[in-house]
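Subject: Structure handover and notes

Hello,

Please find the structure below, with my notes after it. Keep it open while you read.

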Amino acid sequence: MTPLRIVHLYPHEMNIYGDTGNVVVLRKRLEWRDLPVEIVPVGVGDDLPSDVDLILGGGGQDAAQGEIGEDFQRRGPELRAAASDGVVILAICGAYQLLGHEFNTAAGTRIPGVGVLDVVTNGSDTRLIGNHAVDSEWGRLVGYENHSGLTTLGPAATPLARTVPGRGNDGQDSTEGCVQGNVFGTYLHGPVLAKSPRFADELLRRALERRGDAAELAPLDDALALQAAEVAAKRPR
Amino acid sequence: MLPVMTGKLALAGLRLLGRSGNALPGLVVERLFPRYLAKTLSALPHGVVVVSGTNGKTTTTKMVAAILAERFRVLTNDTGSNFVRGTIGAAVSSSTWTGRLDADVAVFELDEAHAVRFVERYKPERVLLLNVMRDQLDRFGEIDHTARLLQQVASQATVAVGLNRDDARIAAIAGTIDAEPVWYQVADDLRHLFPTDEELYGGASRAARDSDGAAAELVAWDANATTIRIGDAEQSFPLRASGAHNAQNATAAAAIASTFDLTPDEIFRGLRAVEPAFGRGQSFEIDGRDVSLHLVKNPAGFRQSLAAARVEDPARICIVINDDDADGRDVSWLWDVDFTGLADGVPVSTAGVRAADMAVRLRYDGVEAAAVDAALAPAVDRALAATAPGERLLIFSTYTAMWGLHRHLVARAKEVRA
């Protein structure tokens with residue numbers, strides 16, 4: 001079996017709040033099942049490899065998002081092609097915003113996105129911050145949100161999960177993240193996959209299925225992760 | 001006089017209730033007498049040193065205070081409160097009831113945000129800046145923001161600013177200040193021991209830096225000896241606080257101390273005498289076992305402590321993670337620490353509110369936790385029982401768990417002696 005090829009986008013520029021941990025989680029969950037995996041870091045100026053199965057992108061500081069902005073724009077066509085080809089993409093926070101149509105900063109600057117996701121983000125003065133547990137189709141997702149960009153979903157994007165006002169995409173519509181085909185966007189750091197094992201496996205299952213490999217994943221003992229998720233969900237914001 | 005009396009009455013009230021600490025009396029005085037701090041500190045003949053940065057504040061403040069104590073009467077906020085109220089509380093408790101401050105110079109540790117608030121009230125003569133690393137991002141937002149806070153603090157110094165030449169964000173502050181920049185640095189062949197935030201995250205390594213004219217340099221370091229050069233004077237000595245990061249802190253302290261009228265001999269004497277600060281490498285002997293307590297609060301500090309731990313050759317390790325405000329609510333930083341080095345078989349257990357989170361983190365780095373226990377005392381006792389006499393137990397702990405752990409370890413150490 002050829003290794004599942006996971007691209008880690010901008011590992012140096014977009015890696016705050018432990019988002020690199022999502023790469024570790026997916027790699028280990030494959031290794032524990034004796035499934036071969038290959039991690040390809042893709043930084044500014046690097047080419048996206050061929051035959052990508054899964055792409056992970058994390059959050060970055062404002063300055064870093066500026067540094068990668070142009071490079072990200074340049075990748076627009078290939079990212080759109082990957083998405084329409086069914087490549088599984090998980091984009092956290094800053095990467096989620098950049099995959100949308102545009103980001104309008106609080107200062108009034110319009111940063112164009114690559115339009116993979118039907119979402120628009122507007123900068124705000126309030127920061128949505130704190131522990132966050134939400135219910136999704138793939139079990140409870142548990143992480144930590146920290147953003148001042150407020151994201152509105154268009155008709156092509158389905159909410160990833162439900163939440164309560166004051167949290168999630170725009171702090172008002174009680175949704176968190178979005179799904180569009182095999183592309184997932186979310187504001188959950190944590191890293192989100194560490195305490196959301198069913199969701200982690202759903203990403204792997206979709207990537208394997210798309211390649212035509214047997215997508216039945218052997219069960220893992222996730223008791224510890226679920227225990228950690230239960231504790232985190234009860235902690236104050 | 002009235003502010004001091006008010007503060008002292010608050011302090012006495014607390015003692016009656018069986019509690020201690022300078023934070024609450026400081027807060028009372030801060031609210032009632034907003035000008036007290038500036039007025040009191042301006043009477044100090046040798047002024048104020050503010051110590052700030054992400055890692056090493058408490059230890060470095062203690063070192064600066066120990067050096068200055070060779071010549072001066074020193075006021076310092078050594079009770080663990082690094083907010084403005086802690087400095088006020090320290091001033092109140094060191095004053096006579098008539099309001100006279102028994103000190104020549106003050107050394108204050110201030111966290112980055114409170115350092116800004118402090119300099120708005122009093123322009124310090126000296127500022128010593130240590131480093132900018134990712135720490136409690138849920139509170140400060142981003143590290144570039146933290147660097148801007150430190151720049152604001154440095155811009156208010158009137159005499160000198162101690163700057164770390166090995167931290168690019170700190171070094172860049174030199175061009176923005178009125179006071180004299182005073183540099184400290186580590187020797188080229190030691191720089192790998194002090195990775196920058198970028199290097200910790202796999203980014204580009206540093207460009208070569210200008211290395212002329214440092215007031216103090218860490219010339220050599222190993223587990224047994226620290227060698228520091230101050231001007232032309234160089235000495236090698238065992239530093240009681242373990243770890244390369246503490247040797248760098250000592251170099252920072254030496255640099256700012258050299259701007260006072262002190263001889264290199266006095267500075268070295270102060271450094272030789274200084275004991276580790278609370279929970280920063282403190283040791284306890286319990287029933288023939290050596291237990292040492294190490295505060296961890298961010299990825300850079302945790303990685304350095306893990307590296308230092310390997311030198312200590314522990315038989316067991318216990319990692320205690322809480323997530324209260326003072327620890328940082330967001331525990332995702334644990335994923336920025338590489339634990340694969342623990343996969344060699346030293347048994348590791350986890351404790352604290354986020355014990356399960358920590359155990360999950362370890363598992364993904366190939367380390368199976370020997371026990372996972374939210375309650376502190378039972379977790380420590382179990383780790384102790386599993387450590388044979390003559391062996392060493394290392395405890396890494398976040399801030400809020402340290403107080404309970406410290407109390408428990410002190411009690412256990414006494415119980416054994418009795």
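Is A:D34 buried or exposed? A:D34 is exposed, because 8 other C-beta atoms lie within 10 Å. The cut-offs are as follows: a residue is buried if 20 or more other C-beta atoms lie within 10 Å of its own, exposed if 12 or fewer, and partly exposed in between, with C-beta atoms placed from the backbone.

Some background before the rest. This is a predicted model, in which local features need pLDDT of at least 70 and side-chain atom pairs count only at pLDDT 80 or more, while totals for chains, interfaces and linings use all residues. Residues are numbered from 1 along each chain as its sequence is written, and chains are lettered from A and ligands numbered from 1 in the order in which they are written. The pLDDT is the predictor's confidence in each residue, from 0 to 100. Chain B has a mean pLDDT of 87, and 91% of its residues reach 70 or more. For the complex, the predictor gives an ipTM of 0.96 and a pTM of 0.82.

Chain A

A:D34 sits in the loop between α1 (21-31) and β2 (37-42) of chain A. Helices (H or I, at least four residues) and strands (E, at least two) are DSSP runs, numbered from the N terminus. The phi of A:D34 is near 55 degrees, a positive value in a residue other than glycine. A:D51 also has a positive phi, of about 50 degrees, although it is not a glycine. A:D51 lies in the loop between β2 and β3 (54-57) of chain A, and A:D51 is exposed, with 8 other C-beta atoms within 10 Å.

A cis peptide bond joins A:G190 and A:P191, with omega about -10 degrees. A:P191 belongs to the loop between β11 (183-186) and α5 (197-211) of chain A.

Chain B

Chain B has 16 helices and 15 strands. Its C-alpha trace spans about 55 × 55 × 40 Å along the principal axes. The radius of gyration, taken over C-alpha atoms, is compared with a globule rule of 2.2 Å times the number of residues to the power 0.38. For 418 residues a compact globule would come near 22 Å, and the 21 Å of chain B agrees. Of the 418 residues, 54% are buried.

Helix α12 (residues 264-273) of chain B has the buried residues B:I267, B:F268, B:G270 and B:L271. Seen down the axis of α12(B), they fall within an arc of 160 degrees, so they line one face of the helix. The arc is that of the directions from the helix axis to the C-beta atoms. Their cover includes α4 (57-68), β8 (226-230), β9 (233-237) and α11 (244-257) of chain B.

B:V50, in strand β1 (residues 48-52) of chain B, is buried, with 28 other C-beta atoms within 10 Å. Leaving out residues up to four places away in sequence, B:V50 touches B:F108, B:L110, B:A115, B:F118, B:P124, B:V127 and B:V153. Two residues are in contact if their C-beta atoms, placed from the backbone, lie within 7 Å.

Where the chains meet

In this model, 23 residues of chain B are in contact with 30 residues of chain A. On the chain B side, the elements that give two or more residues are α7 (137-140), α8 (143-155) and α14 (355-364). Of these, α14(B) gives the most, with 6 residues.

Regards
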